[in-house]
Amino acid sequence: MKPRVAFFDFTGCEGCQLETLNFNLEVVDLINAVDIVEFREISSDHSDNYDIAFIEGSITTDRDIARLQDIRNKAKVLVALGACACTGGVNSLKNFYSMEENLKVVYGESAKYYKTIPTRPAHAVVPVEFFLHGCPPNRNEIIRLIKCVVAGKKFEQCQNPVCVECKLAENVCAFERGEFCLGPVTRGGCNAVCITAGRKCWGCRSLVDEPNINSQKDLLAKYGLTVNDVLKQFRLFNGTLEVAKQ
Amino acid sequence: MTKANVNFTVHHVCRVEGHGNIVVNAKDGKIEELKWEIPESPRFFESMLRGLDYRDVNFIAPRICGICAVAHATASIEAAEAAFNVKLTEQASLVRELLLDAETITSHVLHYYFLVAPDFFGVGSVIPLASTHTDVVLRALRMKKTANDWADMLCGRKTHPISMVAGGFVKWPEMEQLKWLKEKLEGEYMKDLDASVELFKTLKFPDFTRETEYIALFRPDKYSFIGGAIGSTDCKPIPINDYQKVANEFCVPWSTAKFTRHLRDSYQVGALARFNVNSDKLHPKAKKVAQTFGLKAPCYNPYFISVAQLVETVHAVENSIMILDKLLSKGIKQEKPEVKVKAGRGVGAVEAPRGILFHDYTFDDSGKLIAANIVIPTNENHNSIQHDFEKLLPEIIDKPQDQIKLAMEMLVRAYDPCISCSAHMLEVKFK
């Protein structure tokens, strides 16, 4: 029997779901390999019976928590899809302000109508089997994960930093261009897409499992940047990590 | 005759981007409750962007929306450029416009093929169509893929853009890539577009009208998607910096998204609004397609937004071919973006696929953001959807509940709401 796959969106931009659709012509093959039983962005079909649940977005309301727990109870496998689900992503930037201040800045006098809680990644609420990092996640990695789950194989995360892929792409080092780049400590698997496109790494795929943070700090200091500048950069996509909170 | 009792909530309306609910409660034909609710979890971008360097602001702002990331990137960058008084070169303006055309097209194709068309085929999604109407689905995917590849080629990645920055681009397309695109657009794309027009001509759109104010960017010389002034069907063009006179955002307790109004109780933005404000400046081929559908400005039927999107797709393809001709004849120069930061405020205005979008930023003298205000097209449409509901429901209240529900969901879908942007939205509750 084909695995029943469901997609659920929480607080985010829905760009991860869109990246899933952007397999383009391969989408037709994907549809044949699995049963997509819930994908609200493109489908009005609805089901509570699924094997694999993809969670997009971060957890930012009490309602989100209850909904995620319910999904966890029904799914055999839970996948955090994208930076918001894996680390809180850009949504965690709000955690550096009080919730009252966030509400007041956006809603002004009407702030009293609304409520929000600090941003959390999915695994801070329920156990998560797999993580597809990135803002957005890499299309090939999404396909690889689905193949692994369908075939009952183990899905291995990329263990090298972005730097490795950047060198393979023969890019000029972003530091040489006067940028400061989080490539040395960020989990690869993105083919260093941002540096190849002429920018730097912002760390959207979070830290590799054994990052050499101290060497990164030394490296940045060499280019005249403070630790505070560095941590602010980690904050952009990883505000819930301890390293960014320091 | 017994009067209708209608009671339902469509919770998280599907096939829209984000979450919204339709709440309907009528007793003896009298409507007691009728609400367009947006329960989307707010994102707090205007708060989160504070304190960030303008380059990070420009990189993070597209994360407001995965579908219209290029429009957000463009408006964000335009706001920074306005604040720092950066003048773009012709090449940078042309490539930026070419990139936005790609997003307009891929978003429109996604909307009319994947989100709207299933209603007309009587299915819940495009997924069953993959086996029953394979040619149609493959065509839609092909059209989307070309536009995605085209955007990836210009900015590194469509979701989310990388190489477009204040002052231009850090990486320029190769001449070979531009030639590839031109060939693709003039060949396969034209054929697929013709086939799309033939398909959508056979669909019957619901007959419903509500006259309102229509707002879109306006330039005297072209059908504008970037800059110009704020055009309206009700008044003379208004300078972009005065956008708050138009988009007066106000809060309603049942929605995390803000609502807006201008000269009437609501206004509409998006493809039909652009058509109503600017149709005289469409490419002749796009005008012809509009005629085929009997679409004439002003059109007051919101279900025709999808038709206006198809017309705009034709226009955007023709416009892009003109841009490509210019770029190919002049050659691509390896220009470097130049920005000198200074303290100040700037407003960027862009026509996102779903309508006029404003990013308004204030920076300190080191280029760090002090304050941001972002007005999202879907927010501007929420109030129009609510007023459409109020006119539509009494007209159809004696129909079976399923039909009422479908008509209301289709109306919401017609607006192509992008609720993640606006907060997030769409559920229909029949209580």
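I began with chain A and found that the C-alpha centres of its domain 1 and domain 2 lie 25 Å apart. The domain bounds come from an automatic or database domain assignment, which gives domain 1 as 4–151 and domain 2 as 162–245 in chain A.

A note to myself before going on: this is a predicted model, in which local features need pLDDT of at least 70, side-chain atom pairs count only at pLDDT 80 or more, and totals for chains, interfaces and linings use all residues. Residues are numbered from 1 along each chain as its sequence is written, while chains are lettered from A and ligands numbered from 1 in the order in which they are written.

**Confidence in chain A**

I looked up pLDDT, the predictor's confidence in each residue, from 0 to 100. Chain A has a mean of 86, and 90% of its residues reach 70 or more. Confidence is lowest in helix H2 (residues 26–33) of chain A, with a mean of 67, and highest in helix H4 (residues 83–87) of chain A, at 97. Helices (H or I, at least four residues) and strands (E, at least two) are DSSP runs, numbered from the N terminus.

I counted contacts next (C-beta atoms, placed from the backbone, within 7 Å). In chain A, 18 residues of domain 1 are in contact with 13 residues of domain 2. On the domain 1 side, H4(A) gives the largest share, 3 residues. That side divides into 7 nonpolar, 9 polar and 2 charged residues. Here Ala, Val, Leu, Ile, Met, Phe, Trp, Tyr, Cys and Pro count as nonpolar, Asp, Glu, Lys and Arg as charged, and the others, Gly among them, as polar.

**A closer look at A:Phe96**

I found A:Phe96 in the loop between H4 and helix H5 (99–107) of chain A. Is A:Phe96 buried, partly exposed or exposed? It counts as partly exposed because it has 18 C-beta neighbours inside 10 Å; buried means 20 or more other C-beta atoms within 10 Å of a residue's own, exposed means 12 or fewer, and partly exposed is in between, with C-beta atoms placed from the backbone. Leaving out residues up to four places away in sequence, A:Phe96 touches A:Arg235 and A:Gly239.

**Over to chain B**

I then traced an open sheet of 4 strands in chain B, ordered S8-S7-S6-S11 with mixed pairing. Two strands pair if DSSP finds at least two bridges between them. Its edge strands, S8 (238–239) and S11 (267–268) of chain B, each pair on one side only.

Technical notes:
Contact = placed C-beta atoms within 7 Å.
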